[in-house]
Amino acid sequence: MRKQEQFRTFRGYSLVDADGLTPGMEDYLEMLYRLASGNTYVRLVDLAEKLSVQPPSASRMMQRLSEQGLVEYERYGIIRLTEAGKQLGDSLLQRHRLIEQFLRLMGVKQNVLKDTERIEHIISDELVCRIKWFVLFATEHPEWLGDFEDWVSRQSPLTGDSSQELL
Ligand code: FE2
């Protein structure tokens with residue numbers, strides 16, 4: 001008999017991603033990867049500042065990521081990504097950029113970063129894959145995207161925003 005899909009609450013779905021990391025751990029790893037590009041290490045104070053958190057919170061998270069084998073956390077607040085950390089950080093950053101690109105292609109103009117930061121933690125691998133195809137298709141067929149934009153703008157002549165009517 002087919003194993004029944006296990007239902008969870010929304011928070012249950014978003015608490016731990018397929019990679020076994022919580023959304024918070026993913027945010028730290030993604031930012032670490034951004035800061036580490038072109039550098040051999042990242043300083044804890046710089047990481048904490050970028051994420052607008054207190055250094056002790058960042059330090060606790062580094063312990064957790066280090067237990068997962070994703071970072072090497074040294075004395076004096078020096079952080080180095082392990083090979084596994086680099087690979088995962090790279091895929092998290094790619095996922096972030098893909099979702100951001102998708103939202104912009106869809107014509108979203110407000111809160112793009114905020115929406116991206118929320119969506120990236122709850123999206124399935126299958127949906128990421130489909131969005132990737134969509135983005136590639138849409139960028140290869142700008143005329144198709146233009147038709148879509150024209151159509152949307154005709155839905156509400158005043159603002160070109162039909163979101164209110166749909167809700
Ligand atoms: Fe992100």
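This is a predicted model: local features need pLDDT of at least 70, side-chain atom pairs count only at pLDDT 80 or more; totals for chains, interfaces and linings use all residues.
Biologist: Why are α7 and α8 called roughly perpendicular?

Modeller: Helix α7 (residues 125-140) and helix α8 (residues 142-155) pack at about 95 degrees, their axes 5 Å apart. Axes are lines fitted to C-alpha atoms, for helices over the stretch in contact, and angles between N-to-C directions run from 0 to 180 degrees. Angles under 35 degrees count as roughly parallel, over 145 as roughly antiparallel, 65 to 115 as roughly perpendicular and the rest as oblique. The pair α7 and α8 is therefore roughly perpendicular.

Biologist: Which residues meet between α7 and α8?

Modeller: Phe-134, Phe-137, Ala-138, Thr-139 and Glu-140 of α7 meet Pro-142, Trp-144 and Leu-145 of α8, where contact means heavy atoms within 4.5 Å. These residues divide into six nonpolar, one polar and one charged. Ala, Val, Leu, Ile, Met, Phe, Trp, Tyr, Cys and Pro count as nonpolar, Asp, Glu, Lys and Arg as charged, and the others, Gly among them, as polar.

Biologist: What makes α5 and α7 oblique?

Modeller: Helix α5 (residues 83-105) packs against α7 at about 50 degrees, with the axes 10 Å apart. The two helices are therefore oblique to each other. Their contact includes Leu-98 and Phe-102 in α5 and Ile-131 and Val-135 in α7. By class, the contact of α5 with α7 has eight nonpolar, two polar and two charged residues.

Biologist: What is the relation between α2 and α4?

Modeller: α2 and α4 pack at about 95 degrees, with axes 11 Å apart, and are therefore roughly perpendicular. Among the residues in contact are Tyr-28 and Leu-32 of α2 and Met-61 and Leu-65 of α4. The classes are eight nonpolar, two polar and one charged.

Biologist: How do you know that β1 and β3 pair?

Modeller: Two strands pair if DSSP finds at least two bridges between them. Strand β1 (residues 42-43) and strand β3 (residues 78-81) have two bridges, in the antiparallel sense. Val-42 stands opposite Ile-79 in β3. Strand β2 (residues 71-74) is joined to β3 by four bridges, also antiparallel, and Tyr-73 has Ile-79 as its bridge partner.

Biologist: Why do β1 and β2 count as edge strands?

Modeller: The three strands form an open sheet in the order β1-β3-β2, with antiparallel pairing. β1 and β2 each have a single partner strand, so one side of each is left without a neighbour in the sheet. Helix α2 (residues 23-36) packs on this sheet and touches β1, β2 and β3; its direction makes about 95 degrees with that of β3.

Biologist: What makes Ser-52 stand out, and why is it called exposed?

Modeller: Most residues other than glycine have a negative phi. Ser-52 has a positive phi of about 55 degrees although it is not a glycine, and it lies in the loop between α3 (44-50) and α4 (55-67). Buried means under 20% relative accessible area, exposed over 50%, and partly exposed in between (1.4 Å probe, protein chains only). At 67% relative accessibility, Ser-52 counts as exposed.

Biologist: Why is Asn-111 called partly exposed?

Modeller: Asn-111 has a relative accessible area of 48%, so it is partly exposed. It lies in the loop between α5 and α6 (112-119), with a positive phi near 60 degrees.

Biologist: What share of the protein is buried?

Modeller: Buried residues make up 33% of the 167 residues.

Methods. Residues are numbered from 1 along each chain as its sequence is written. Side-chain values use heavy atoms; hydrogens and water are left out.
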